[in-house]
Every structure is written in C-alpha cells, then in structure tokens.
Amino acid sequence: MASHFESPIREPLITGNKTYKQVTHDIVRPTTGKLQPKWMFWTFIAACGAALFVFCIAWEVYFGIGTWGANKTVGWAWDITNFVWWIGIGHAGTLISAILLLFRQRWRTGVNRAAEAMTIFAVICAGMFPVFHMGRVWDAFFIFPYPNTRGPLWPNFNSPLLWDVFAVSTYFTVSLLYWYTGLVPDFGTIRDQSKTPGRWKFYNILSFGWIGSAKHWERWESLSLILAGLSTPLVLSVHTIVSFDFATSVIPGWHTTIMPPYFVAGAIFSGFAMVLTLMLVARYVMDLQDYITLAHIESMNKIMLLTGTMVGIAYLTELFTAWYSSNIFELYIFANKVKGPYWWAYFTMMFCNLVTPQVFWFRKLRRNIYVTFVMSILINIGMWFERFVIIVTSLHRDFLPSSWVYYSPTWVEVGIFVGTIGLFMFLFLLFCRFFPVIAIAEVKAILKVSGDQYRQKQLDEVKDQEVYKNITVGAGAWD
Amino acid sequence: MSDTKKYLVGIFDDDDILMHAVKDIRGAGYEITDAFTPFPVHGLEHALGLESTRLHTAGLFFGATGTTVALSMIAFINIFNFPTDFGGKPNFGLLAYVPITFEQTVLYAAIGMTVSFYYLCKLWPGKTPKIIDERTTDHLFALTFELDESKDSEYVNAVSELLKKEGAIEVYQKEV
C-alpha cells in the first residue's frame, strides 16, 4: 500500500465511495442512451451560431475585408483581438495536462480531458481569424515555406508573424496528439461496455483496438510523460510568440519587454475561466460532482487569483514604465488608454481582471460555485477587453493626428466572433455526448490515493497520533 | 487473424493483490505471457520483467531531426537561396531562428513518438482486437499464460492452483 499513500490531511479528490466499476459506469453513462431533448436544443442553438460564422465568413470572402470596420489606422481590430482571446483560452488545457502532470498535481485528472478538448476547439476558432484576415484566403498557403515558382520566394523567417504560424500549428498538432492518445484507452473501455454491434464498431475504430496490455500501458505512460515535457515549454512559447507579434513592432503601447510574461499569465488566466464556465455547467448537467469536486474548483480559483494578479501587476507596470520613460508618445498612449475615447474598455479590463478576482483571497468564496461561475464569466469578458485595449486603443490614434479614428465593428465582424462561440460550443457539446468527458483510466489510477474511502482508511491507520486527532474525511469536512 | 492461441487466464479484482501475485508466480518459475489492466499499474512492467521502453530515446532522435531540418533549411534559404538585406544585418541571425527551430523540434518529436507508439503497440483504427476478457478495461485485472504444445495438464493445474492461492477470483482457459 505504500505506493498509494498520501497525507490523510489532504482533501479527497474523488468522493462518493467509488469503486473501479462505478467510475467506469459514471463516466460512460452520458455517452449511452437516447439523445436528450435538452442536449439537442442546445446543440441546435450552437449549430445556428456555427452557421452564422459560416455565413459571415462567406460574406467577408465574397465582398472583401472592406466589410469589416478595420481600416488603415486600426489595421488589426476585432479580428486579431478574437484571435488572441481564443488562443489564450486554449492555454489552460495544456497547462492542466502538461505542467500539472510534471508537478504531480493529482487534481488535474478530474478536469484534464475536458480542458484539452477545449484547447483544441479554441485553437480551431483562433486559427480562423488570421487566415481570413489575409483577405485573399485562397492564397493562404503562401505562408508555408515550400519551393515555388515565384522566385523561389520564401516567407520571412525573421518575422514574428511567421513564428506565430509555426507556433500555433505545432501547438494544435501536439495538443491533438496528446489528447487523442489519452482518449484511446478510454474508448477501449466504452467499446467493452457497448451493447450493440454498431456502437462496438464505432468505439473500436476510435480506440485503435486497445486492449490494455501491460507493455502498451508502459509505452503509453512514457509517451504521455514525454509529450507533457514537450508541451510545457511549448505552451509557454506559443503565447510568448503571440506577444512578439506586438512587442517587436515600434508602436507605442506594444513595444515593451513585459509582453511575453504578461501574455502568458493572461492566457492561463482566461483559459481557467473558460474551463470553469464549461465544467461548472457540465458537472451539474452530467452529474459529475464526485469527480469534479470543490477541491478542484478551489485549486483552479487559486491559479486564477495568481495569474489575475500577475496580469494586474503587468497593467500597473506598464503605466509606471510609460511615466518613467518620459517618452511623450508612450505617455500619451497610456493616458489615452485610461481617459481617451476607449476609457470604458480600459475600465472593464481593470475591473474584471484585477479588481474582482481579489474575492478569491477568501476561502468561502473560492469554494462557492455561484461566485466562481460569475467570476469566470467576468474574467472571460475582461480578458477579451484586455486584447481590445492593447490592439485598438494603441492603434486608433497613431503618429499622424489627421488619421486618428474611432473604430467600431460592423455586423460582419460581430457575426464572425459570435459565430466562433457557436462553433466552439457546438464542438464541445458533441464532445460531451460522444466522448468520455473525464479521463477514466487516470481517475482509476488515482482512486486509491485520493478516493474518500481510501483516505478514510489511511486516516484510520494513523488517527491515534495527536496531530491527526481532529481531522475527518468526507462530505462537509472541508467546507 | 486466423491463428488463434490458447491461454490460461487468471482474473484479479485488486491491483495490489495482482502485483503480489505477479511477483510470487514469477518467483515460482512460471512465465507470464501478458497482463491486462484497466489503468496503468505502476511497477507492473518491472514485476513482469519487461524491458523498459526505448520510446523516449526515439523521441530524442525525432526531436534532433526536427532541430536539424529547421536550422539547416532556414540557414540555407537565408544565406544561399534567398539572401535578403535587412538593414545590413547578417543573413545568419541565429537568435531569430530560435522560435521556429524550437517549434519544429517539438513537432517532430511529438509526431514521431506518437506514430512509433502506435506502430510498436500494433494499434490502428479498425483493428480487430484479441480481447481476453472484456472486463479488463473496466474493473478487473488479468494475467495470461500461453498454452502451447509443450504445456501439459500438469502445468495447467499447477498454475491454476497457484493463481487461486494468490487471490485470483476466476481462473479459466480461453482461445483468442
């Protein structure tokens, strides 16, 4: 039993006295049975959103970028704001699955599968924006370095925009491989639970014929660990490179060395907010409270408090640096951010990202589901406005006052953005219905360490000792 | 797929009992063909006497390939094939190559290792698996012993007895 020991004062991560069989049953159950009317309703709504996306993109491709509000002064507007927002949201999945694996944080097992799925869907949404921003989207393949008849004309390998192409596409591919390899054993489990041949066949194809042999598991673990090791610098590099898109330019408000850590912290911040928005609903609708416990929610809220405060410090540092630089352009751009025509965006950003997350200093509020849900929505909004402030307010009053403008989006831009939310939700709802939302095998592997009945057993062994006297395990013990 | 093999199967319902049984059975001099578990049981591969996987070493080589391809390709293009004057800066600007080289290293290592994993485990979409016991992806653990010509009924009885003594909840023979 030594390998299963963990200090009994730690909070259990799986409640409800689960056995291996119950774990399988609880997680496979949502994938079985008839389609629920409620699920069909929301999937239909999300599909309408995805259709709106397709319509607005078609409109933009047919009539051109002129259908957007972006112009010569504000060349990057909603489009790149949305790109950075979605990419940031994708960061939580890889952070949970990779970095927390390396740090041996067991609470990751409850949420990693859904968070990784969210990463993949968010990166799909993010990728749309720069591609369609090109205008002549049919020439999008020009970004890849391949021998061609135009010279050959190669992309500029010294440009952060090209680095971004490589970073985002690598990030997507590695996340997809990592996610799917984790899914394979669980598809095997669903296959073996299936009652009809059609279902058996479907999940057998998805499971690649997985049988759970000891040698396969050993290779699987080795692969997971190395992919986690590779993804850890990768997840940090992706948003660093996204920040280079801004930091290596000579635009006041963009040209700062604080950008990489500031962007990475913000990405993790917004990613966790989106994980919580989705998982708080999913755990309630799919009855997964025993696997995504208050302990999980509290851990994520702690990370949001940390990263939110880091982002807040970055905002204040930017203001200080602008003042300390004595550079009139730098000073002006920040004064314009705070009290210029877009003051409301700056205020929303500060309020949602720096001020309100401070409620998580209180344990009661960290463990309150309603507070967490409202906060996760506020942070999603706040982080969108952060990107809007960085991009639009830095650009709309440039070096030449005659070209100053007040940018507003058109219905096409709004439609594309709302449409990506629809697309994202549509993919996520499909995932919830047909895929195991929680990593079955990984939960079973930590059951004897973090399950509540095993924790109780560990406590029983040591409860004669003075220090463990007042400790109890079970519902309510930790509230 | 036509060649089937006969196995003696011992079913366990706890990973700790399984680990103990594996050590004792191998200690008694019987060769275990394979073990099937619903989740990765730590230390089982060592208890079974399996060689450690060399997948991570393969990952190193795939990664190194990515580094080499990216660096040499960018250098070739920027220096020989398409030299461009960026404000008089040197064509070989190693620092600017770091991000793409890094991304390609990760990409090659990840794809190479994943493909190797499926290749080594002989897993592919649509494969018809040889399932010993369907419950081993759910809550039970299985040890298998291949029964070929050389194994007589004495062997079967001895192993069966040992399995039961070690806590197996079921012992049976199966052809897959």
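This is a predicted model: local features need pLDDT of at least 70, side-chain atom pairs count only at pLDDT 80 or more; totals for chains, interfaces and linings use all residues.
Biologist: Why is chain B called more spread out than a compact globule?

Modeller: The globule rule gives 16 Å for 176 residues, whereas the radius of gyration of chain B is 25 Å; the value is well over the rule, so chain B is more spread out than a compact globule. Its C-alpha atoms fill a box of roughly 85 × 35 × 30 Å along the principal axes. Chain B is divided into domain 1 (6–52 + 137–175) and domain 2 (55–120), and the C-alpha centres of these two domains of chain B lie 46 Å apart.

Biologist: Which elements does chain B hold, and in what order do they run from the N terminus?

Modeller: Chain B has five helices and four strands. From the N terminus on, the order is β-α-β-α-α-α-β-α-β. Of the contacts in chain B with a separation of 6 or more, 79% are between residues 24 or more positions apart. Of its 176 residues, 38% count as buried.

Biologist: Why is A:F272 called buried?

Modeller: A residue is buried if 20 or more other C-beta atoms lie within 10 Å of its own. A:F272 has 28 other C-beta atoms within 10 Å, and therefore A:F272 is buried. The residue is placed in helix α8 of chain A. Leaving aside neighbours within four places in sequence, A:F272 is in contact with A:A92, A:M300, A:I303 and A:M304. A:F272 and A:H255, 17 residues apart in sequence, are 27 Å apart in space, C-alpha to C-alpha.

Biologist: Why does A:Y146 count as exposed?

Modeller: The cut-off for an exposed residue is 12 or fewer C-beta neighbours. A:Y146 has 9 inside 10 Å, so A:Y146 counts as exposed. A:Y146 is found in the loop between α4 (108–133) and α5 (160–193) of chain A. A:Y146 and A:N156 are ten residues apart in sequence and 12 Å apart in space, C-alpha to C-alpha.

Biologist: Which residues have the most contacts inside the largest nonpolar core?

Modeller: They are A:M118, A:V174, A:V275 and B:V22, in a core of 176 residues. Helix α8 (residues 259–285) of chain A gives the most to this core, with 16 residues. The core also draws at least three residues from each of domain 1 (6–52 + 137–175) and domain 2 (55–120) of chain B.

Biologist: What does A:V174 touch, not counting residues up to four places away in sequence?

Modeller: A:V174 touches A:L227, A:L230, A:S231 and A:L234, together with B:V106, B:L107 and B:A110.

How values were computed:
Residues are numbered from 1 along each chain as its sequence is written. Chains are lettered from A and ligands numbered from 1 in the order in which they are written. Domain bounds come from an automatic or database domain assignment. A nonpolar core is a set of buried Ala, Val, Leu, Ile, Met, Phe, Trp, Tyr and Cys residues joined through C-beta atoms within 7 Å. Helices (H or I, at least four residues) and strands (E, at least two) are DSSP runs, numbered from the N terminus. Two residues are in contact if their C-beta atoms, placed from the backbone, lie within 7 Å. The radius of gyration is taken over C-alpha atoms; the globule rule is 2.2 Å times the number of residues to the power 0.38.
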